[in-house]
Amino acid sequence: MQKYVCDICGYVYDPATGDPDNGVAAGTAFKDIKEDWVCPECGVSKDDFSPED
């Protein structure tokens, strides 16, 4: 699955790991994360993430 990178702080969302501290289970694709999820490092929205090359 595709990893996504925060354009602001560089945090990488890895679907294999998810974000369990914020309610996102491992195996969750970025597109399937709730729209109100924010970057756990800097707090920006999903709109500020780009696919990792």
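In the predicted model, Cys9 counts as partly exposed, because its relative accessibility is 38%, a value between the 20% limit for buried and the 50% limit for exposed residues. Cys9 sits in a loop. This loop runs between strand E1 (4-6) and strand E2 (12-13).

Contacts of Cys9 were then examined, with neighbours within four places in sequence left aside. Cys9 is in contact with Cys39, Glu41 and Cys42. The separation from Glu52 was also computed. Cys9 and Glu52 lie 43 residues apart in sequence. In space, their C-alpha atoms are 14 Å apart.

The protein chain as a whole contains 3 strands and 0 helices. Its pattern along the sequence is β-β-β. The radius of gyration of the protein chain is 10 Å. This agrees with a compact globule, because a chain of 53 residues would then have a value near 10 Å. The C-alpha trace spans about 25 × 25 × 15 Å along its principal axes.

Contacts within the protein chain were also sorted by sequence separation. Among those between residues at least 6 apart, 44% join residues at least 24 apart.

Burial and surface were considered next. Of the 53 residues in the protein chain, 30% count as buried. The accessible surface of the protein chain amounts to about 3,400 Å². Carbon and sulfur atoms account for 46% of that surface.

The protein chain carries 4 positive and 12 negative charges.

Conventions
Residues are numbered from 1 along each chain as its sequence is written. This is a predicted model: local features need pLDDT of at least 70, side-chain atom pairs count only at pLDDT 80 or more; totals for chains, interfaces and linings use all residues. Side-chain values use heavy atoms; hydrogens and water are left out. Helices (H or I, at least four residues) and strands (E, at least two) are DSSP runs, numbered from the N terminus. Buried means under 20% relative accessible area, exposed over 50%, partly exposed in between (1.4 Å probe, protein chains only). Contact means heavy atoms within 4.5 Å. The radius of gyration is taken over C-alpha atoms; the globule rule is 2.2 Å times the number of residues to the power 0.38. Accessible areas come from the Shrake-Rupley method with a 1.4 Å probe; for residues, only the protein chains shown count as cover. Lys and Arg count as positive and Asp and Glu as negative; His and the chain ends are not counted. The place of a charge is taken as NZ of Lys, CZ of Arg, CG of Asp or CD of Glu.
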